[in-house]
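Me: I have a structure here that I have not looked at before. Can you walk me through it?

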Amino acid sequence: MKRTRLTREQSRDQTRARLLDAAQAMFMKKGFVGASVEDIALAAGYTRGAFYSNFSSKSQLLVELLRRDHDAMQVQLRAIFEGEATREEMEARVLSFYSRMPQDNKLFLLWVEAKLLAARDARFRVRFNAFMKEKRERLAAYIEEFSARVGTPVPLDPELLVVGLIGLCDGVQFFATADPQHVTPPLVEAVLGQFFARVVFGRAP
């Protein structure tokens, strides 16, 4: 069988994808600081030069990894609004998505490292915070769409609610990551369920 020759663009995309996959594995194994450019290039099967032909730095690659993870989460969030779902079905989908996060978000520690890097590195902070602003704006838009679809006004400004929601989810996931024996999936679902029922879904206590 004749092998299909890749175009230059396809070859470049393939190289970037392999470098991203290798970086994800190395960052999760050694941490962002511990993994070197050489480690990443070698794991992907390329040279240091190939790395810098595709990424200007490890920090740029880190943002690309986070964006790829963010885009995957967006697909799951959009699924909440698919079809002619009833209010009860949409609420169940929201709760299911967020209660699964501690188990499904395999890159949580990478997000933590990015936030630590942003706190210490002013140049990275600018790039990372621009990305996080985009992330918050998208989530606020989902909240507004959810409110419109179910006919329940949001009790807080969506931008404020997003900050609280992200902070809550990050905090719960910290607990679940550090102490999975006690912060179990049922406990996570109970915590988030109460928050969503009262703050997002607008139910009386």
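Me: Before that, what kind of model is it, and how are residues numbered?

Reply: This is a predicted model, in which local features need pLDDT of at least 70 and side-chain atom pairs count only at pLDDT 80 or more, while totals for chains, interfaces and linings use all residues. Residues are numbered from 1 along each chain as its sequence is written, and side-chain values use heavy atoms, with hydrogens and water left out.

Me: OK. How many helices and strands are in the chain?

Reply: The chain has 9 helices and 0 strands. Helices (H or I, at least four residues) and strands (E, at least two) are DSSP runs, numbered from the N terminus.

Me: What does the C-alpha trace span along its principal axes?

Reply: About 60 × 40 × 35 Å.

Me: And how much of the chain is buried?

Reply: Buried residues are 41% of the 205 in the chain. Buried means under 20% relative accessible area, exposed means over 50%, and partly exposed is in between (1.4 Å probe, protein chains only).

Me: Which domains does the assignment give?

Reply: Domain 1 covers 1-55 and domain 2 covers 59-200. Such bounds come from an automatic or database domain assignment. The C-alpha centres of the two domains are 28 Å apart. Their contact takes 15 residues from domain 1 and 12 residues from domain 2, where contact means heavy atoms within 4.5 Å.

Me: How much area do domain 1 and domain 2 bury between them?

Reply: About 1200 Å², with 71% of it on carbon and sulfur atoms. Buried area here is the accessible area (1.4 Å probe) that two parts lose on being put together, summed over both. In domain 1, the residues that lose the most area to domain 2 are L20, M28 and F32, together 47% of what that side buries.

Me: How many salt bridges cross the interface of domain 1 and domain 2?

Reply: The rule finds 2 salt bridges there. A salt bridge is a side-chain nitrogen of Lys or Arg within 4 Å of a carboxyl oxygen of Asp or Glu. R68 and D21 also meet through their side chains in a salt bridge, at 3.0 Å from N to O. As for polar contact, 3 residue pairs are counted between domain 1 and domain 2, both residues at pLDDT 80 or more. A polar contact is a pair of N or O atoms within 3.5 Å; within protein, one must be able to donate a hydrogen and the other to accept it, and residues adjacent in sequence count only if both atoms are side-chain atoms.

Me: Which elements of domain 1 are on the side that touches domain 2?

Reply: Those giving two or more residues are α1 (8-30) and α3 (48-54). Helix α1 gives the most, with 9 residues.

Me: Let's pick a residue. Where is R16, and is it buried or exposed?

Reply: R16 is in helix α1. R16 counts as buried because its relative accessibility is 19%. Leaving out residues up to four places away in sequence, R16 touches N54, F55 and E64.

Me: Different topic. How many salt bridges does the rule count?

Reply: The count comes to 11 salt bridges. In one of them, R48 pairs with E38, and the closest N and O atoms are 2.1 Å apart. R48 lies in helix α3 and E38 in helix α2 (residues 37-44), so the pair ties together parts that are 10 residues apart in sequence.

Me: What about E91?

Reply: E91 is in helix α5 (residues 87-104). The side chains of E91 and R87 meet in a salt bridge, 2.7 Å from N to O. E91 and R87 are separated by about one helical turn because they are 4 residues apart in helix α5. E91 is buried at 5% relative accessibility, whereas R87 is partly exposed at 28%. Not counting residues up to four places away in sequence, E91 touches F146, F201 and R203.

Me: Which residue does K115 form a salt bridge with?

Reply: D170, with the closest N and O atoms 2.4 Å apart. This pair links distant parts of the chain, as K115 is in helix α6 (residues 108-120) and D170 in helix α8 (residues 158-178), 55 residues apart.

Me: Which residues are linked in a network of salt bridges?

Reply: R67, E134 and R138 are linked in this way.
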